[in-house]
Amino acid sequence: MTKASMTHTPIPAIAATLIGAILIVSLSIFMGSYWTVVALNLFMWIALTQSWSLFSGMTGYISLGHVVAYGIGAYLVATTFKIIPLWLSIPLGGLAAGVFALIVAIPVLRVRGPYFVILTFGLAELVKFILLYTETTFGKSSRLLFGAPKTETLLYWVAALAVVATLITYFVGRSRFGKGLAAVREDETAAETVGVPVTRLKVLAFAASAVIPGMVGGLMTMRSTYFDVLQVFNPTISFSIVTMAIIGGAGDARGPILGALFMLGLAELLWSTAPQLYFILLGLFLIGFVLFAPNGMIGLIKRRKRSSAGVAS
Amino acid sequence: MSLLSIKSLSKNFGGLQALNEISLEVQEGSVHGLMGANGAGKTTLFSIIAGNQRASSGSILFAGHPIDGLRPDQVCRRGISRTFQIVRPFAGLSVRENVEIAILYGREAPPKVSEAAALAQEILTDIGLDASADQPAGSLTLSGRKRLEVARALGTEPRLLMLDEVMAGLTPVEVTDMIVSLRRVKESHGLTILIIEHVMSALTDMSDTITVLHHGEKIAQGTPQQIADNAAVQEAYFGVAEPLEVSA
């Protein structure tokens with residue numbers, strides 16, 4: 001009863017997110033350009049995985065095509081570079097990704113389980129090849145982007161997006177919307193029978209989860225200073241997002257942060273010295289988590305907390 | 001006054017006539033039983049009323065308004081809630097969260113998210129599940145899951161509660177408990193109940209009126225006593241047209 005009437009105040013979570021982000025940003029800039037790039041990558045993955053988790057973590061529909069949103073944002077920003085200012089083209093890139101997701105949502109969300117996974121993957125590849133064909137037709141195999149903003153500036157933007165994505169996942173999880181999505185994940189028939197407008201919620205979450213990745217894509221293409229379709233629509237981006245979500249745990253705003261930290265940490269340790277070992281270990285960790293800790297690191301932490309609370313009482 | 005009014009409702013799955021020209025009036029405030037052997041069309045009728053399936057023809061009026069063609073979530077917000085014969089809890093969520101979702105989505109005017117937990121707790125207390133509120137719904141026993149089906153349906157604040165075999169598989173003691181709980185919530189929530197039940201004593205005990213379906217046709221309707229004495233019902237169930245002669 002006490003637990004039911006107890007409502008957690010969101011202020012500590014907001015404060016922790018903001019303080020953490022500000023600390024990492026300032027520390028990395030202080031430590032020099034190498035660490036600035038590491039921090040940029042970290043925030044990029046947090047923003048992407050967090051957005052993925054908003055849809056896939058909450059509804060259980062595993063999207064293997066989130067790179068489409070990233071690529072669409074990158075494409076819009078690259079093609080309009082020096083034509084419209086970045087402060088406008090980046091949000092437009094996010095919007096374009098969201099609108100695209102909204103359009104494909106209705107047919108795509110009719111299937112679930114493995115079919116949905118394959119369909120999103122196939123859709124991402126389809127968009128990649130359509131754009132590749134378009135670009136080569138116009139004689140643009142890749143576009144150089146001179147005069148992109150400095151890494152520090154990009155870091156501020158991407159860190160801000162990571163914070164926003166984290167807070168969105170956090171607040172949606174506590175909201176009526178989030179509870180409806182959880183019902184969808186558990187049992188769609190039962191959900192609609194108790195009044196949950198299942199299709200509307202899924203479509204909304206799907207579209208919302210594409211917006212921030214679109215903006216991140218736009219920013220990261222500025223970071224690489226050239227645009228290449230095969231690079232920004234690289235399916236490895238989708239795979240990495242899912243890997244981080246599995247290792248960190250989806251459905252809790254802390255999961256994607258842990259997942260991104262873990263994978264980047266592992267990469268930092270091994271990438272330059274033993275890249276083969278990196279992939280072998282990553283594969284082992286992935287298998288291990290799927291088998292023994294399907295709710296990821298955050299699931300392990302929660303389980304430990306619960307069992308120690310059980311011992312204490 | 002009839003709360004639910006079904007007129008010449010038919011449903012066929014390909015060549016199979018699951019329901020044939022069924023007409024039914026459920027009086028406000030009553031308990032209306034549905035009886036019939038397996039495959040008689042009882043659950044199909046529930047699914048059509050709740051919007052999970054579409055009728056092939058016929059019409060359904062609820063509180064004077066047509067509801068056929070509405071989605072299940074819309075039917076629910078109009079005030080009809082059903083339970084599932086094969087229980088469908090949100091197994092990974094807590095028992096309380098199961099009911100919270102019904103409260104937040106199933107009502108015409110939902111309360112604030114912060115109030116839902118306390119409202120859910122009240123319903124769980126009503127239905128005897130308050131002690132399990134924090135457990136994952138998947139960990140409940142069958143009897144607990146059946147109760148959760150009812151609690152979740154109540155969360156949507158229905159005017160018409162449709163119970164699909166909520167007593168099947170329960171022990172006699174649990175059946176008695178369930179009947180007591182249902183009677184209590186019917187009074188406190190001012191419910192009309194449409195109930196499918198194979199536990200005959202429970203059905204006759206609770207129902208004001210019973211409708212008997214047989215192979216998709218309505219073969220009889222009346223008070224429990226009238227149904228027990230009805231020749232057509234006896235023929236459908238026992239294959240004889242007249243009461244058995246008991247030799248001395």
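Colleague: How much space lies in the second largest pocket?
Modeller: In this predicted model, the second largest pocket holds about 900 Å³ of space. A pocket is an open set of points on a 1 Å grid over the protein atoms alone, with protein on both sides within 12 Å along at least five of seven lines, and lining residues have an atom within 4 Å of a point. The volume is the space filled by probe spheres set on the points, which are joined across faces, edges and corners.

Colleague: Which residues are the closest to its centre?
Modeller: Asn41(A), Met44(A), Trp45(A), Thr236(A) and Ser240(A) are the closest to the centre, out of 31 residues that line this pocket.

Colleague: And which helix gives the largest share of that lining?
Modeller: H3(A) does, with seven residues. Helix H3 (33-59) is one of the helices of chain A that supply at least two residues each, and the others are H10, helix H11 (229-232), helix H12 (235-248), helix H13 (254-270) and helix H14 (275-292). Helices (H or I, at least four residues) and strands (E, at least two) are DSSP runs numbered from the N terminus.

Colleague: How do the residues of that lining divide into nonpolar, polar and charged?
Modeller: The lining of the second largest pocket has 20 nonpolar, nine polar and two charged residues. Ala, Val, Leu, Ile, Met, Phe, Trp, Tyr, Cys and Pro count as nonpolar, Asp, Glu, Lys and Arg as charged, and the others, Gly among them, as polar.

Colleague: Before we go on, how are residues and chains labelled?
Modeller: Residues are numbered from 1 along each chain as its sequence is written, while chains are lettered from A and ligands numbered from 1 in the order in which they are written. Local features need pLDDT of at least 70 and side-chain atom pairs pLDDT 80 or more, totals for chains, interfaces and linings use all residues, and side-chain values use heavy atoms, with hydrogens and water left out.

Colleague: New topic: how many cavities of 30 Å³ or more are there?
Modeller: There are three cavities of 30 Å³ or more, a cavity being a set of grid points where a 1.4 Å probe fits but cannot get out. The largest cavity holds about 130 Å³. Gly65(A), Val68(A), Phe100(A), Ala101(A) and Phe206(A) are the closest to its centre among the 13 residues that line the largest cavity.

Colleague: Which helix gives the most to that lining?
Modeller: H5(A) gives the most to the lining of the largest cavity, with four residues. The whole lining comprises nine nonpolar, four polar and no charged residues.

Colleague: What lines the second largest cavity?
Modeller: Its lining consists of Thr193(A) together with Ala50(B), Pro72(B), Val75(B), Cys76(B), Ile80(B), Ser81(B) and Arg82(B). The second largest cavity holds about 50 Å³.

Colleague: How many residues of chain A are in contact with chain B?
Modeller: 26 residues of chain A are in contact (heavy atoms within 4.5 Å) with 29 residues of chain B.

Colleague: How many salt bridges does the interface of chain A and chain B have?
Modeller: There are two salt bridges across it, each a side-chain nitrogen of Lys or Arg within 4 Å of a carboxyl oxygen of Asp or Glu. Asp187(A) and Arg88(B) form a salt bridge, at 2.8 Å from N to O. On the side of chain A that touches chain B, H8(A) supplies the largest share, eight residues. That side of chain A has eleven nonpolar, six polar and nine charged residues.
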